[in-house]
Amino acid sequence: MADKKNSKGRLRRLVMIGNGMAGVRAIEEVLAINHDLFEITIFGAETHPNYNRILLSSILSGEKTIEDITLNEKSWYEENNITLHLGKEVTEIQRGYRKVISSDGTEATYDILIIATGSTPFVIPIPGVDKEGVLTFRDLRDCDQMIEASKSYKHASVIGGGLLGLEAARGLMNLGMEVTVIHDQPELMNMQLDEVAASMLQKELEAQGMHFKTACLTKEILGNGRVTGLRFNDGTELKTNLVVMAVGIRANTALAKQAHLHCERGIIVNDYMQTYTDPSVYAVGECVEHRGKTYGLVAPLFEQARILAYHITGQGLKTYMGSEVSTKLKVSGVDVFSAGEFQVVAPAEGEEEKETIEYIDRGGGVYKKLVIDGDRLAGAVLYGDTADGVRLFQMIQAGTDISSQRATLIFGNPTLGDAGHSGIDLVANMTPDTIVCGCNGVTKQTIEDAITKEGLTTRQEVTGCTKAGGSCGGCEPLIDQILASVLGSSFAKAEGETPICGCTDLAHDYVKSMIRRDSLTTVAAAMATLEWKGEGCRVCRPALNYYVQMTFPDQAQDDPGSRHVNERLHANIQKDGTFSVVPRIYGGLTSPEELARIAKVASEHQVPAIKFTGGQRIDLLGVTKENLPGIWKALDTPSGYAYAKALRTVKTCVGNQWCRFGTQDSMGFGIELEKTLERLWTPAKLKLAVSACPRNCAEASIKDIGVVGVEGGWEIYCGGNGGVRLRGAELLCTTDTTEEATEIIKAYVQLYREDARYGERTSQWVEKTGLNNIKAKVVEDTENRAALIERLEEAIEASGRDPWENLISNSESQRPRHGLSFKTLTIDGEVAER
């Protein structure tokens with residue numbers, strides 16, 4: 001492990017030049033390994049934090065805003081103690097002094113320097129290239145200029161028929177411009193597609209209204225001051241008011257060359273992403289050349305970032321060996337994929353000629369070509385139907401012997417039954433670090449972790465949480481497959497008015513309304529009345545169980561078989577099959593007696609690990625299933641519900657009782673709220689925090705409900721989330737008294753319980769519902785507030801006693817005469833014995 005401090009006793013200084021996707025991913029990897037290892041400074045030439053350049057075409061088309069494509073908000077840098085210099089381009093690296101200097105004179109010294117300057121767009125050196133109206137397509141400023149031009153002009157030309165050029169053209173068309181694409185090759189996207197696929201793509205884009213001039217070179221840009229047209233090598237001309245250069249990129253090595261670092265096509269690095277010239281200087285991303293190759297796709301750049309982070313944090317000798325790349329994209333609504341050697345060329349002397357297997361359905365818009373080299377798959381091109389892409393790419397990488405599969409290879413994996421080529425078996429064969437979403441560099445492991453930890457059940461939730469599928473959309477089928485592999489074959493495939501899952505054709509809101517209308521008080525009654533298909537699944541049964549109990553709290557019958565395993569066992573199952581036990585500690589305030597009792601229980605039951613949680617509680621880890629009842633009884637505390645879709649914790653600071661800055665009694669209010677809302681089931685887990693002053697030591701700004709003390713009252717915030725899908729809470733209102741704050745919070749919780757769909761966090765619900773709508777119902781309409789509170793209190797009263805206490809009491813009532821037995825206590829269908 002790398003030392004946290006240098007010989008002078010201070011944190012090591014890590015400076016990064018560049019604030020783009022690859023560089024910031026490297027910083028994220030460093031923080032994930034050791035958050036406190038470096039004092040980090042980042043210089044960015046642009047004035048906006050890190051954003052997804054792949055989605056610039058969505059900005060151009062108006063489909064997304066800058067907020068939608070921002071990857072790291074300014075708050076992220078602040079929360080991670082990163083000094084961020086935006087709009088400050090570094091102009092000099094003084095390696096002798098280990099110092100960088102920006103354009104405005106800002107200086108920063110470093111122990112380790114990362115150069116992540118990315119690439120610059122290539123501009124064809126032809127007459128007229130400096131005229132007004134000639135742009136590149138590389139950053140937000142370019143998008144702004146194109147949008148502004150579209151307001152005054154109608155004819156646009158894009159030079160370059162690769163992916164970037166076609167996306168720019170599509171965006172300009174969406175702005176109402178007539179667009180012609182000029183490409184110097186006969187086929188579009190000639191680096192990613194073969195002749196047949198390119199021809200089909202061009203035909204589709206022409207049908208959408210895009211014009212093309214291929215196998216043509218631009219010789220001059222015409223106009224007096226502003227561009228008015230283009231002249232080509234065949235002597236023809238084209239009228240145009242806007243020219244977008246999208247002919248490729250070049251590694252941005254200018255600063256590195258000035259610092260006398262070894263550069264060729266890019267900055268030369270070794271297998272640790274270290275420059276050969278200076279071991280204290282690293283480079284990552286599009287500016288890098290590694291083993292003679294440069295890369296422009298997200299997946300290899302993020303792989304480089306991971307290796308760089310391993311090395312500078314002292315995590316061993318993992319190396320970057322280069323990347324096999326595949327291209328899976330959506331071009332103007334058309335899915336395309338290519339990998340390996342998909343172009344068949346004449347063999348060299350002594351080599352065997354490669355074979356091809358092809359399928360084409362021009363009417364259906366589907367084309368597939370596989371290139372076979374002996375008994376292995378050498379390359380593939382897919383157009384229209386790309387679901388096989390990941391499987392084929394894995395075979396190319398592994399050099400799989402495909403001799404026995406030749407007859408069926410192009411039609412998918414026959415072993416996957418009805419799933420065809422897109423079944424769960426494909427996911428099972430993917431390694432955890434397989435990139436699922438190339439646009440955002442999201443791995444299979446990241447998606448699986450988000451599904452399990454955040455309780456996600458739909459593709460839209462996965463996209464909102466991880467950004468996978470949020471760009472071109474080409475990976476959406478694969479995300480569905482991962483969901484199915486984690487949740488089972490039935491899972492909710494979309495949000496909104498789509499069915500809850502495959503067991504029904506009905507959506508969440510309709511199901512809730514029918515339960516209320518027909519007074520359905522059991523899962524069985526709901527399924528029978530609503531004509532469910534079969535016996536339900538792990539997606540719909542928990543949702544139905546919640547909806548009937550939320551609607552009729554004093555009449556509904558809980559169905560334990562419709563709960564997830566953690567809720568059935570009242571403990572969180574761990575990766576090794578043991579469980580964690582988290583007792584309730586109200587407001588994080590405990591006593592010597594309570595701590596001593598917990599310590600005694602842990603010692604007597606040989607609990608392997610004890611950890612303080614982020615919610616100010618104590619977690620007993622490694623408890624076996626048979627030991628759960630005994631530990632519950634010995635603890636003699638209520639359950640902390642750390643396993644449930646319910647109130648988890650109310651985090652508090654010490655408040656005005658102890659803190660000289662505190663303005664309110666945060667501990668007292670937090671404990672009151674926790675005691676009021678405990679044992680209350682909600683659509684998803686619910687976390688609260690109460691801070692006594694705006695210094696916000698309890699982190700109220702990222703909680704489902706956050707309360708902040710101010711002079712003379714409380715500020716109430718809502719819809720925050722501190723998990724994978726980070727979201728700052730929004731100010732709901734300010735109150736003068738604790739009593740009014742309590743009323744509003746209770747009304748808000750009940751509105752969330754009734755209105756949100758099962759599994760929906762408050763952060764998602766607030767975005768969907770709108771803060772003003774919520775405010776109108778729980779703050780402004782006092783009559784509606786009172787009605788919500790009344791229904792909440794009915795639910796609290798019906799919640800009964802603590803589940804640990806209830807299970808212990810039931811088992812003790814049936815105990816034998818000699819000692820205590822838990823043989824009658826059934827947990828998850830099994831008998832737990834003491």
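Where does Ser799 lie? In the loop between α25 (782-798) and α26 (803-812). A word on the basis before I go on. This is a predicted model, where local features need pLDDT of at least 70, side-chain atom pairs count only at pLDDT 80 or more, and totals for chains, interfaces and linings use all residues. Residues are numbered from 1 along each chain as its sequence is written, and side-chain values use heavy atoms, with hydrogens and water left out. Helices (H or I, at least four residues) and strands (E, at least two) are DSSP runs, numbered from the N terminus.

Back to Ser799. Its relative accessible area is 26%, so Ser799 is partly exposed. The scale: buried is under 20% relative accessible area, exposed is over 50%, partly exposed is in between, with a 1.4 Å probe and protein chains only. The Ser799 side chain reaches the backbone oxygen of Ile796 at 2.5 Å. Asp554 is 245 residues away from Ser799 in sequence. In space, the two are 8.5 Å apart, C-alpha to C-alpha.

Next, a helix pair. Helix α22 (residues 738-755) packs with helix α23 (residues 762-769) at about 80°, axes 11 Å apart. Axes are lines fitted to C-alpha atoms, for helices over the stretch in contact, and angles run from 0 to 180 degrees between N-to-C directions. That makes α22 roughly perpendicular to α23; the class covers 65 to 115 degrees, with under 35 roughly parallel, over 145 roughly antiparallel and the rest oblique. From α22 come Tyr748, Leu751, Tyr752 and Asp755. They meet Thr762, Trp765, Val766, Lys768 and Thr769 in α23. Contact means heavy atoms within 4.5 Å.

Now salt bridges. How many does the structure hold? The structure holds 41 salt bridges. The criterion is a side-chain nitrogen of Lys or Arg within 4 Å of a carboxyl oxygen of Asp or Glu.

Take Asp104 and Lys88, 3.5 Å from N to O. Asp104 lies in the loop between β5 (99-102) and β6 (107-109), and Lys88 in the loop between β3 (83-86) and β4 (90-94), so the pair ties together parts 16 residues apart in sequence. Asp104 is partly exposed, at 47% relative accessibility.

Then Arg563 with Asp558, closest N and O atoms 3.2 Å apart. Arg563 is buried at 11%. Asp558 is partly exposed at 37%.

Glu604 and Lys600 form a salt bridge too, at 4.0 Å, N to O. Glu604 and Lys600 are four residues apart in helix α19 (residues 592-604), so about one helical turn separates them. Glu604 and Lys600 are both exposed. Elsewhere, salt bridges that share partners join Glu341, Lys354, Asp373 and Arg376 into one network.

Terms used: Polar contact = N/O pair within 3.5 Å; in protein donor to acceptor, adjacent residues only side chain to side chain.
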